[in-house]
Amino acid sequence: MDQVGIDSTAFRKALLKWYRAEGRRLPWRETDDPYAILVSEFMLQQTQVVTAIPYYHRWLERFPTVEALASASTHDLLALWQGLGLYRRAHNLQRCARMVVDKWGGVFPRSVEGLRELPGVGRYTAGAVASFAYNLPAPVVDGNVARVLSRVLNLQEPIDTPVGQAILWDAAERIARCKQPRLINNALMDLGAVLCKARRPACGRCPVRRVCRAIDAETLPRKRPQPPTQVRVERYWWFYDGARVLLEQRQAAARWGGLWTLPTLDADAPSGRETFVSLRHHIMRFLIDLQVVRGDHASLPQPPAASRLWQPVARLGEVPMPTPHRRVIGLALAAESARL
Ligand code: SF4
């Protein structure tokens, strides 16, 4: 029994035995290239594994090296990321590549501290690259690992408090302090993804059930009460000439920076027109009510800015666009057809 309150040696032994037999085979586990692992980690932030896999393959085919990514155009970058959402990750990934090339001659740092200098790389991502690429005993605590450890420790402290976080990272660090940190970290993640799920954990089949101290597993991990979802209205113009749609490129620093969307209509500006089509979607704790208003020649922004584009409907797929806008354009085109 060590200071985390569990027998770490027994825990690791049981976990590794299970992982070797039943661990998931994932493409980023077949490499020790820190660049490829960093790509996978950025893609997996708030994205499911099954969604990320085809993106990962396409990305590495198009940008096989950190140099290739560093010199990529924004258009190519966003076109490949399109559909994954949270586009800041793509920009940060390229900023990482440029830093590795410019500062370290294309060679990634081999320490958690060095990796944390990279843009958008926090403790988790640095630990993931350090352990998966270099087999360094660096802890990783993502959602799956936090759930497993909070249950194994029977942690009653909310995990989104500084105290809860400190306990989890301390436990993960002690568990990773072994000869096989790469395998142990992967195994911890898989245990959370495959058996120790949020609902109905499969404790009867769990390799670490003899070590686990959870009394009422489904009530763990505890979290602080979440603020209620806020509804936010966003309004956009719909300009359509029967064959083309007017699009606007978002400013680099804005949400969806560099992507093309319908032209923005100030949410408070009276347009005097009814909503033509609308779509609701979630971003973090916001429910976005995306409303589209039909425009005509009188409301057409003049002169057309360089960041606006009349894009043929048949070639909308060539333009990098956030998914909600692609969907609402589909709704608007269907509504136009129905009017005929
Ligand atoms: S015994 Fe149950 S609660 Fe404990 S780690 Fe295994 S699946 Fe999770």
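This is a predicted model: local features need pLDDT of at least 70, side-chain atom pairs count only at pLDDT 80 or more; totals for chains, interfaces and linings use all residues.
The secondary structure of the chain amounts to 12 helices and 7 strands. Taken along the principal axes, the C-alpha atoms fill a box of roughly 75 × 50 × 35 Å. The chain has 340 residues, of which 48% count as buried. Among contacts between residues at least 6 apart in sequence, 68% join residues at least 24 apart.

Helix H2 (34–44) is largely enclosed by the rest of the structure, because 11 of its 11 residues are buried. The buried residues of H2 are Pro34, Tyr35, Ala36, Ile37, Leu38, Val39, Ser40, Glu41, Phe42, Met43 and Leu44. The elements that cover them include H3, helix H4 (66–70), helix H5 (74–81), helix H6 (88–104) and H8. Glu41 belongs to this helix. With a relative accessibility of 4%, Glu41 falls under the 20% limit and therefore counts as buried. When neighbours within four places in sequence are left aside, Glu41 is in contact with Tyr124, Thr125, Ala128 and Phe132. The C-alpha atoms of Glu41 and Arg89 are 10.0 Å apart, and the two residues are separated by 48 residues in sequence. The loop between helix H2 and helix H3 (49–62) holds Gln46. Gln46 is not a glycine, yet it has a positive phi of about 60°. The relative accessible area of Gln46 is 63%, so this residue is exposed.

Helix H10 (residues 162–176) contains 15 residues, which at 1.5 Å a residue should span 21 Å; its end C-alpha atoms are 21 Å apart, in agreement with that value. Buried positions in H10 are Gly164, Leu168, Trp169, Ala171, Ala172, Arg174, Ile175 and Ala176. Their cover includes helix H1 (8–22), helix H8 (123–134), H9 and H11.

Two of these covering helices, H9 and H11, also pack against each other. Two packed helices are described by the angle between their axes and the distance between the axes. For H9 and helix H11 (residues 181–195), the angle is about 85° and the axes are 8 Å apart. H9 and H11 are therefore roughly perpendicular to each other. On the H9 side, the contact is made by Asn144, Val145, Arg147, Val148 and Leu149, and on the H11 side by Leu188, Met189, Leu191, Gly192 and Ala193. By class, the residues of this contact comprise 7 nonpolar, 2 polar and 1 charged.

Ser150 is also part of helix H9 (residues 143–152). Ser150 has 0% relative accessibility and so counts as buried. Apart from neighbours within four places in sequence, the residues in contact with Ser150 are Leu155, Ile159, Leu168, Leu220 and Pro221. Leu168 is in turn one of the buried residues of H10. The other two named here, Leu220 and Pro221, are joined by a cis peptide bond, with omega near 0°. Pro221 lies in the loop between H11 and strand S1 (230–238).

The loop between H11 and S1 also contains Arg200. Phi of Arg200 is near 50°, which is a positive value in a residue other than glycine. Arg200 has a relative accessible area of 73%, so it is exposed.

The ligand is surrounded by Arg151, Val152, Cys196, Cys203, Cys206, Val208, Arg209, Cys212 and Ala217. This shell divides into 7 nonpolar and 2 charged residues, with no polar ones. The H9 range, residues 143–152, takes in Arg151 and Val152 of the shell.

In strand S5 (residues 275–283), Arg280 was examined. Its relative accessible area of 51% is over the 50% limit, so Arg280 is exposed. Not counting residues up to four places away in sequence, Arg280 touches Val231, Leu287, Ile288 and Asp289. Arg280 and Ala332 are 52 residues apart in sequence, with a C-alpha to C-alpha distance of 14 Å.

Definitions and conventions
Residues are numbered from 1 along each chain as its sequence is written. Side-chain values use heavy atoms; hydrogens and water are left out. A residue is near a molecule or strand if one of its heavy atoms lies within 4 Å of it. Ala, Val, Leu, Ile, Met, Phe, Trp, Tyr, Cys and Pro count as nonpolar, Asp, Glu, Lys and Arg as charged, and the others, Gly among them, as polar. Helices (H or I, at least four residues) and strands (E, at least two) are DSSP runs, numbered from the N terminus. Buried means under 20% relative accessible area, exposed over 50%, partly exposed in between (1.4 Å probe, protein chains only). Contact means heavy atoms within 4.5 Å. Axes are lines fitted to C-alpha atoms, for helices over the stretch in contact, and angles run from 0 to 180 degrees between N-to-C directions. Angles under 35 degrees count as roughly parallel, over 145 as roughly antiparallel, 65 to 115 as roughly perpendicular and the rest as oblique. The expected span of a helix is 1.5 Å times one less than its number of residues.
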